[in-house]
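Subject: Structure handover

Hi,

Here is the structure I promised to pass on. Please open it first, then read my notes below.

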Amino acid sequence: MLRTVENRMTTADLVSCERRVIASAISRVGEGTAVVDERSLSRALAAADRPLTDEQAAAVRGVTTSGNGVDVIEALAGTGKTFTAGTIRHVYEDAGYHVIGMAPTGRAVRELAEEAGIAAWTIDRALISTERFDATFAPRTVIVLDEAGMAATRRTERLLELAAAADAKVIAIGDSGQLASVQAGGWLRAVGERVARAR
């Protein structure tokens with residue numbers, strides 16, 4: 001047994017998987033993926049249903065202009081993360097990107113679809129569909145991964161692998177302090193610490 005970056009006991013295989021997830025995210029820092037220009041960003045923010053808080057606006061601006069292949073937004077419950085996700089969708093769609101959502105649970109998938117207007121699937125369903133039909137993500141795709149702190153490490157590794165192959169951006173949104181999946185290894189906080197995260 002070894003320890004994860006969260007200092008939890010787990011198998012050597014899961015620790016290796018967690019390290020690959022972190023390395024994958026780091027390798028995509030500053031690669032110029034899904035960058036929205038200032039004019040498009042300002043136009044989309046001005047059209048938001050309601051004003052964003054300073055923190056929400058900073059998070060939206062951060063992930064849409066970073067150029068990172070993987071970005072992290074840490075958000076506690078009740079801080080408007082679904083509204084923020086919806087604004088991110090609006091910014092990217094306005095700039096000509098295709099935005100899809102994924103989450104580890106059906107409840108989170110419904111919230112993304114109903115409250116953020118993002119077509120979404122569970123991670124398991126999305127990965128099975130992709131692998132069964134040997135499909136890839138479409139060009140100019142942005143993936144919003146909600147409740148990312150609960151996403152299993154092995155599933156996350158596969159998602160990041162497919163996203164990198166398609167030059168798709170992944171925005172992981174979640175609370176790193178939330179009770180994680182029994183298959184998770186605390187990758188969200190570790191990635192956030194190494195890739196400039198928004199809160």
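Start with helix α7, residues 153–165. Its 13 residues should span 18 Å at 1.5 Å a residue, and the end C-alpha atoms are 18 Å apart, so the two agree. (The expected span is 1.5 Å times one less than the number of residues. Helices are DSSP runs of H or I, at least four residues, and strands are runs of E, at least two, numbered from the N terminus.)

A word on the source: this is a predicted model, where local features need pLDDT of at least 70, side-chain atom pairs count only at pLDDT 80 or more, and totals for chains, interfaces and linings use all residues. Residues are numbered from 1 along each chain as its sequence is written, and side-chain values use heavy atoms, leaving out hydrogens and water.

Just after α7, Asp167 has a positive phi of about 55°.

Next, the packing. Helix α1 (residues 12–27) meets α7 at an angle of about 35°, with the axes 9 Å apart. (Axes are lines fitted to C-alpha atoms over the stretch in contact; angles run from 0 to 180 degrees between N-to-C directions.)

Last, look at Asn68, in the loop between α3 (54–65) and β3 (70–74). Asn68 counts as buried because its relative accessibility is 7%. Its side chain reaches the backbone nitrogen of Gly30 at 2.7 Å.

Best wishes

Methods. Buried means under 20% relative accessible area, exposed over 50%, partly exposed in between (1.4 Å probe, protein chains only). A polar contact is a pair of N or O atoms within 3.5 Å; within protein, one must be able to donate a hydrogen and the other to accept it, and residues adjacent in sequence count only if both atoms are side-chain atoms.
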